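The following note sets out points for a colleague who is examining this structure.

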Amino acid sequence: MTVLTPAPIDQQEDEEMLVPRSDVTDNHQSMEVQPEAATAGESQPAEEPPAQSRFTWKIENFSRLNTKKHYSEVFVVGGYKWRVLIFPKGNNVDHLSMYLDVADSTSLPYGWSRYAQFSLAVVNQIHNKYSIRKDTQHQFNTRESDWGFTSFMPLSDLYDPSRGYLVNDTLLIEAEVIVRKVVDYWTYDSKKETGYVGLKNQGATCYMNSLLQTLYHIPYFRKAVYHMPTTENDIPSSSIPLALQSLFYKLQYSDSSVATKELTKSFGWDTYDSFMQHDVQELNRVLSEKLEDKMKGTVVEGTIQQLFEGHHMNYIECINVDYKSTRKESFYDLQLDVKGCRDIYASFDKYVEVERLEGDNKYHAEQYGLQDARKGVLFIDFPPVLQLQLKRFEYDFMRDTMVKINDRYEFPLQLDLDRENGKYLSPDADRSVRNLYTLHSVLVHSGGVHGGHYYAFIRPTLSDQWYKFDDERVTKEDMKRALEEQYGGEEELPPTNPGFNNTPFKFTKYSNAYMLVYIRESDKDKIICNVDEKDIAEHLRERLKKEQEEKEHKKKEKAEAHLYTIIKVARDEDLANQIGKDVYFDLVDHDKVRNFRIQKQTSFQLFKEEVAKELGIPVQFQRFWLWAKRQNHTYRPNRPLTQMEENQSVGQLREVSNKVHNAELKLFLEVELGLDSRPVAPPDKTKEDILLFFKLYDPENEELCYVGRLFVKGSGKPIEIVSKLNQLAQFAPDEDIELYEEIKFEPSVMCEPIDKKCTFRSSQLEDGDIVCFQKSLPAETIEQYRYPDVPSFLEYVHNRQAVHFRSLEKAKEDDFCLELSKLHTYDDVVERVARHLQLEDPSKIRLTSHNCYSQQPKPQPIKYRGVDRLSDMLVHYNQTSDILYYEVLDIPLPELQGLKTLKVAFHHATKDEVVIHTMRLPKQSTVADVINELKTKVELSHPDAELRLLEVFYHKIYKIFPPNEKIENINDQYWTLRAEEIPEEEKNLGTHDRLIHVYHFMKDTAQNQMQIQNFGEPFFLVIHEGETLAEIKVRIQKKLQVPDEEFAKWKFAFLSLGRPEYLQDSDVVSSRFQRRDVYGAWEQYLGLEHSDTAPKRAYTANQNRHAYEKPVKIYN
């Protein structure tokens, strides 16, 4: 069943990054979504209103789907055909994978592209609020015709019938799509259109680009950066001041977008850091601190403070006694609440809001003891440049994740912080300073909490003209685009088919302001100052001028490339230098030979004169051979140039020699030497003459080298040149030698013996062939050598592989390196690793492959004998790595693979202690087996005690495991498994007794909205019919052993779906817990409200506390 209706996109947060589908999924790691034309689409008003629709896909018999990929029906939005693609068992991950796909991508014209904002959802059919929805935007094109989420949601959650996603084996999927028209991105010239240039994105660095543009466009700041002392000996990649000077100079004078690699290198970031999406505010603070530090002791010392530093006063003032405590603090930016505030003024009102400290929360004044008091913040002074961080992201305790607040939040063009008689100012503030600010820049975040895109709206001169700086692209924008459209909230669009559905189409705006920069009116002339060449150090101008010239030269070369041919000339010297070192197969690496860049119309004779001049070989002694690629993929000299060819131009010759259209001509220069080692004229060559190249193999030292070339007669026999070869090898003239022909090496080595008594022609030898030879070894000595003959040595070289092994615990550091063969079996590899580690049992080694894209271990280890060869362990889609990770297990891997490992937290019945037990049982075991095994390990309160196993997640009990449940599907990665004794009172429940959930909670009102935050250990409690709260409290206090004084402060409430209903001592508790069929019993509970004073237990770290991003660090 499919339904297509216009509907709002209800934004929720995506919990991981977005990748194009394709079966090579983990080649893209956490990258922000920042398609080129997506940014283009936003930079100018759309030509027509966007089209939008919601598509619902009902999949019946879902668990019986046995295809890897499953497509929905086609639906049309914006005149385009779309469909949803899912991988029911995951796209090489243990998550449901889901993508939006362009249904007719294979039949679209060349160069097609389309831009869409969309969300994909798996509907929770029991509680819609638990539906999982992820949203993004993408520019679809031939290369990326689908886009979405490889790890949409864990398969364990999806297939768990109690979760509500799969009901009667039916899955509901929703796709909401908004299609926008886009402008041509590639032909746009930012400098020409706006006078400004953008910054290149290194992967996920748009957050940095938007901040750098904002700072650059504060001219006083830019001037100070230019005046930081640097010298011509500094290297930008290791000096933050020089790298920033260089970047700002290029932004000021360059005609095209500027790269940031030097700057990130100066931060000490590796490429992985560049690809981690960080936080603008964090980077701003860290960068400011670094620059402040680097400016110390220089002419610009104190600039950061002068520009950005303000001060506020924290105060606590007693109401009934004369006592006041104040503390002055500085700030470089202010964090303002968005949630619950309609605009900036409401946020400032909240910032200075007075909090009353009374009742249980009285203030302890030094000589007066506990007192009622007022607590608050007032501003002493504001800085000339006011940076406001809007708290668009906050932590959701219920979901234990960061969420983005997309609420509407207004900010003015002019901000008056002296309003209402200076209500924000402290008594000490200097009232003569007029705190009237004008908006300079708006930094915008578009997208969800873990993936999104940053860009900035800036008006560099504070005129009415705004500009949008979106990575490489800069566009002119009007004020409405920079202000109102970045307020957030919902956008309303007229219905596309008024007759079909008259409700306006609303969707949450993904793009909204995240940071604002205001400049004080009275300081603007000083801050928006003139910055010109004289502010830039001479050495910096010289360095950058030189860089620019080199760039221009390369550009010119590129532009004129069609007029030139690159001739690569290989000589005997190159073969001698490379064979046995850089190359073993064929003859030469053409990228390492002498290059000549020659105009195409130059005659070949003139080129020969150039060679004579450069290499000192007279023209009459030069003979050039063309190279040819053979059918077996080898590359050999094929024939000498004819006189007619030598009379042509270089360009004509290249076309003759090179069927592939590129600008290179590869030649072999044959130079014959006389007895005095001086060049002589090359001998005449007839059809009977064959040019052979010779390599010598030394089995003792396992070395191969080039020894020269010879002309032989086709009718001659190898036996006739043995003495000559011995001479080349510096062997005795009568040394017995073996000859082999090196035929090919891809995909496998082919090297066959040559019969010395057959003619060269009957052995099928021709010009350019390679003959390898070695001393004949006596049969009895062959076993002394690892590779006794040429074929075995070449086979070894072809398959050898240096592998860097890293301990899985220290995944960034190489531990040791082993030379292995790609043909090594699984057993060969673990045996070599075990030998290196001096471990007797190789089966205790477990290996994990390397992900070339994320530069991290793959999530799943290699199974015991799960791959045939080392080459299979190292290959990662279309890339090959040379890294493997190892672990040393305490039991053999085959044994471990048959076991399921569970971490169980055992709660002692009478002692206040929790012990974590790691249980290993056969996968087919049940929960009863876990309990029986646990009984042998733990201390019970009495011998007949019965145990049960619970699933606890964020301080709520979600499940009591039935004893017959198989352990194979139990997930202890995100949930805590808790074992405990079953209390006697629970075993003998009366007909009217109820077993209820009891949880600890606190109210969190920090975001101007009450939220319940659970903590501590949840537990079950038996309640009897008619029992009052007062009676139950006595039992709870006894169970938890809480002192009277503390317990008197506790409040008790009945909570249903997060809403508390406070209870009085006389209330009958059982009347609240009447319904027995509530889905998710954990959402109805008796709540104990009190402060969390218990020490944090270490094991709670297992509760899915995944940091959502790395903190920003600048190392230098």
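Helices (H or I, at least four residues) and strands (E, at least two) are taken here as DSSP runs, numbered from the N terminus. The model is a predicted one.

1. Glutamine 1041. This residue is found in the loop between helix H27 (1029-1040) and helix H28 (1044-1047). Glutamine 1041 is not a glycine, yet its phi is positive, at about 55°. Its relative accessibility is 68%, and therefore glutamine 1041 counts as exposed, since the cut-off for that class is over 50%.

2. Serine 677. Serine 677 counts as exposed because its relative accessibility is 53%. As background to both points, most residues other than glycine have a negative phi, and most peptide bonds are trans.

3. A cis peptide bond. The bond from glutamate 746 to proline 747 is cis, with omega near -5°. Proline 747 is placed in the loop between E39 and E40.

4. The five-stranded sheet. Five strands make up an open sheet with mixed pairing, in the order E38-E37-E41-E39-E40. Strand E38 (703-713) and strand E40 (750-753) are its edges, each pairing on one side only. From one strand to the next, the twist averages 30°. Within this sheet, strand E39 (residues 737-744) and strand E41 (residues 769-775) are antiparallel partners over six bridges. One of the residues involved is tyrosine 740, whose bridge partner in E41 is cysteine 772.

5. Lysine 744. Leaving aside residues up to four places away in sequence, lysine 744 touches Asn632, Thr634, Val749 and Met750.

6. Strand E30 and its partners. Strand E30 (residues 564-570) is mostly covered, with six of its seven residues buried. Over six bridges, E30 pairs with strand E31 (residues 594-599) in the antiparallel sense, and isoleucine 566 stands opposite arginine 597 in E31. With strand E34 (residues 664-670), E30 pairs in the parallel sense over five bridges. Here lysine 568 stands opposite lysine 666 in E34.

7. Nonpolar cores. The largest nonpolar core holds 52 residues, of which Phe221 and Phe248 touch the most other members. Helix H6 (residues 240-253) contributes the most to this core, namely eight residues. A second, separate core has 40 residues, including Met313, Phe348, Phe382 and Leu390. Phenylalanine 221 touches Leu215, Phe248, Leu291, Ile304, Leu307 and Phe308, when residues up to four places away in sequence are not counted. In soluble globular proteins, nonpolar side chains tend to be buried together.

8. Helix H21. How many of the ten residues of helix H21 (residues 790-799) are buried? Eight of them are, and the helix is mostly covered. The buried residues in H21 are Val790, Pro791, Phe793, Leu794, Tyr796, Val797, His798 and Asn799.

Technical notes: Residues numbered from 1 in each chain as written. Predicted model: local features only at pLDDT ≥ 70, side-chain atom pairs only at ≥ 80, totals over all residues. Heavy atoms only, no water. Pairing = 2+ DSSP bridges. Axes fitted to C-alpha atoms, helices over the stretch in contact; angles between N-to-C directions. Contact = heavy atoms within 4.5 Å. Core = buried A, V, L, I, M, F, W, Y, C linked by side-chain atoms within 4.5 Å. Buried < 20%, exposed > 50% of the residue type's maximum accessible area, 1.4 Å probe, protein only.
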